[in-house]
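Take a walk through this protein chain, one residue at a time. Keep the structure open and find each place as it is named.

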Amino acid sequence: MLLEPLDPNQRFRSRRQQARKRRARRRTVVVAVVAVAAAATTLGARFLTERDAQPAASSAGPTPTAAAAKPKPQAAPYPEEIRGVHVTMALASVPGKIDDYLSLAKHGLNTLELDVKDENGEVAFQKPRVPLAHQVGAAHDYYDPVEVARKAHAAGIYLIGRIVCFEDPVLTSNAPKYAIRTTSGGVWTTAAGLGWANPYDHRVWAYEVALGKAAAKAGFDEIQFDYVRFPTDGDLSAAVFPGKTNQSKTAVITDFAKYAGSQLKPLGVHVGADVFGLSATRNMGIGQRPKQLGQYLDTIYPMVYPSHFGPGEYNLPDPDAQPGRTVGLALRDFDRQVTGLGTRLVPWLQDFSLGRTYSLADVQDQIEAARDAGAEGFLLWNAAGLYTRGALAAK
């Protein structure tokens with residue numbers, strides 16, 4: 001159903017004030033949880049028994065002091081406003097290229113999102129070692145993750161590692177037991193001929209999270225999962241999911257997010273996921289429901305590229321012709337989904353041309369709309385790694 005049209009000459013009422021209120025609402029639950037946890041800790045301390053409070057007697061002399069508990073790793077603070085770009089592992093392998101991207105800090109950059117595992121199923125590094133990545137031939141030496149993290153932090157840059165989850169031609173070709181299969185027993189592929197790992201297979205989950213742990217160990221600040229969904233193209237009627245349960249697709253993908261968060265957050269990294277730009281507007285049948293995912297993720301990254309919205313979406317004849325308006329309306333739906341969860345919204349914005357040439361004004365229009373909608377920043381996408389000069393300026 002189409003949404004009611006809004007006045008095209010206005011954005012949202014009291015834009016900045018409304019944005020601040022939305023951010024505060026999203027964090028309400030987090031504050032409440034912290035308060036409850038603190039109260040529980042105090043209550044638990046008050047109910048220690050006298051026996052619990054006394055050291056055990058020993059005829060062998062004084063009881064050795066217990067080893068000090070190892071401090072829990074703390075996640076790096078988020079930038080006040082995320083302003084970042086996507087970088088492929090191939091680009092990162094070019095000598096001096098990471099330095100070039102980090103130098104964008106003087107133009108407003110404060111975040112770098114770098115591929116750990118990409119759409120081709122390749123893993124960017126050999127160490128820290130992930131055994132399955134080596135077994136299937138996915139591990140390469142595109143960059144040294146420890147060195148990249150060191151450089152990023154020295155430049156004051158927040159580092160996000162992107163892991164493409166279920167689209168994985170390398171894993172499915174070299175270890176078909178992890179793949180979605182066909183009715184004839186082969187490896188199912190998308191329309192582009194790419195294998196897709198089985199979302200029901202918890203061994204696949206463990207692989208993706210092991211890659212996240214390796215990146216965390218190397219010094220990345222956040223793990224961002226992409227392609228966290230069921231496939232959308234190819235002959236889906238021929239897809240066979242070994243071990244399929246009666247769970248809904250939404251439950252499967254949400255359970256993966258829960259598992260990933262439980263495994264990675266204790267390591268001192270934030271955890272996020274990329275989702276389709278319409279996933280908050282309607283159920284797309286791929287397992288992505290922001291309200292459910294937001295319970296277990298620190299950040300949701302909606303891919304609200306205006307060129308990807310069809311004519312008539314949000315009552316706009318041509319959403320691509322009104323990039324800021326399109327981004328604002330899409331994020332309105334995301335805000336409704338995650339309000340009260342404490343989940344951050346950071347949209348992916350379009351800095352590439354598809355159908356028409358995108359200008360600096362088009363990119364800035366999207367950024368302004370994201371700010372008006374209360375987003376905690378933005379990431380710019382350009383598969384070629386070429387970004388519009390001036391787009392990363394602070395507000």
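Start with R162. This residue sits in strand β3, which covers residues 158-164. The model is a predicted one. Is R162 buried or exposed? R162 has a relative accessible area of 1%. Buried means under 20%, so R162 counts as buried. What does its side chain meet there? The side chain of R162 makes a polar contact with the side chain of E119, at 2.7 Å. Leaving out residues up to four places away in sequence, R162 touches H86, E113, L114, D115, V116, K117, E119, Q224, D226, Y227, D274 and W381.

Now step back to the whole chain. The chain has 395 residues, and buried residues make up 50% of them. It holds 12 helices and 11 strands. How do contacts span the sequence? Take the contacts between residues at least 6 apart in sequence. Of these, 79% join residues at least 24 apart.

Next, look at the nonpolar cores. How many residues does the largest nonpolar core have? The largest has 95 residues. Within this core, the residues with the most contacts are L112, Y143, Y207 and F225. Helix α8 gives the core its largest share, 9 residues. Pick out Y207 and list its partners. Y207 touches K117, V123, V130, L132, A133, V136, A138, D168 and L171, not counting residues up to four places away in sequence. Another core lies apart from the largest one. This other core has 11 residues, including Y301, Y305, F352 and L379.

Go on to helix α8 itself. Helix α8 runs over residues 202-218, and helix α9 over residues 249-264. At what angle do α8 and α9 pack? The angle is about 35°, and the axes are 10 Å apart. The crossing of α8 past α9 is right-handed. On the α8 side, the residues that meet α9 are W205, A206, E208, V209, G212 and K213. On the α9 side, their partners are V252, D255, F256, Y259, A260, Q263 and L264. Sorted by class, this contact has 8 nonpolar, 2 polar and 3 charged residues.

R229 and F256 are 27 residues apart in sequence, yet their C-alpha atoms are 9.9 Å apart in space. Where is R229 placed? R229 lies in the loop between β5 (222-226) and β6 (239-240). A loop residue can still be buried, and R229 shows it: its relative accessibility is 7%, so it counts as buried. Its contacts include F166, W196, P199, I253, F276, I286 and Q288. Y227 is found in this loop between β5 and β6 too. Y227 has a positive phi of about 55°, although it is not a glycine.

N315 also has a positive phi, near 60°, and is likewise a residue other than glycine. N315 belongs to the loop between β8 (299-303) and α11 (323-338). Its relative accessibility is 27%, so N315 counts as partly exposed. Y314 is placed in the loop between β8 and α11 as well. Is Y314 buried or exposed? At 4% relative accessibility, Y314 counts as buried. The side chains of Y314 and T281 are joined by a polar contact of 2.8 Å. Y314 and R325 are 11 residues apart along the chain, and 9.4 Å separates their C-alpha atoms.

Move on to L349. Which strand holds L349? L349 is in strand β10, residues 348-350. Its relative accessibility is 0%, so L349 counts as buried. Setting aside neighbours within four places in sequence, L349 is in contact with V304, Y305, V327, Q366, I367, F378, L379, L380 and W381.

End at a peptide bond. The bond from K127 to P128 is cis, with omega near 0°. P128 lies in the loop between β2 (111-117) and α5 (131-135).

Methods:
Residues numbered from 1 in each chain as written. Predicted model: local features only at pLDDT ≥ 70, side-chain atom pairs only at ≥ 80, totals over all residues. Heavy atoms only, no water. Axes fitted to C-alpha atoms, helices over the stretch in contact; angles between N-to-C directions. Helix = DSSP H or I, 4+ residues; strand = E, 2+ residues; numbered from the N terminus. Left-handed = near helix turned anticlockwise from the far one by under 90°. Contact = heavy atoms within 4.5 Å. Nonpolar A, V, L, I, M, F, W, Y, C, P; charged D, E, K, R; others polar. Buried < 20%, exposed > 50% of the residue type's maximum accessible area, 1.4 Å probe, protein only. Polar contact = N/O pair within 3.5 Å; in protein donor to acceptor, adjacent residues only side chain to side chain. Core = buried A, V, L, I, M, F, W, Y, C linked by side-chain atoms within 4.5 Å.
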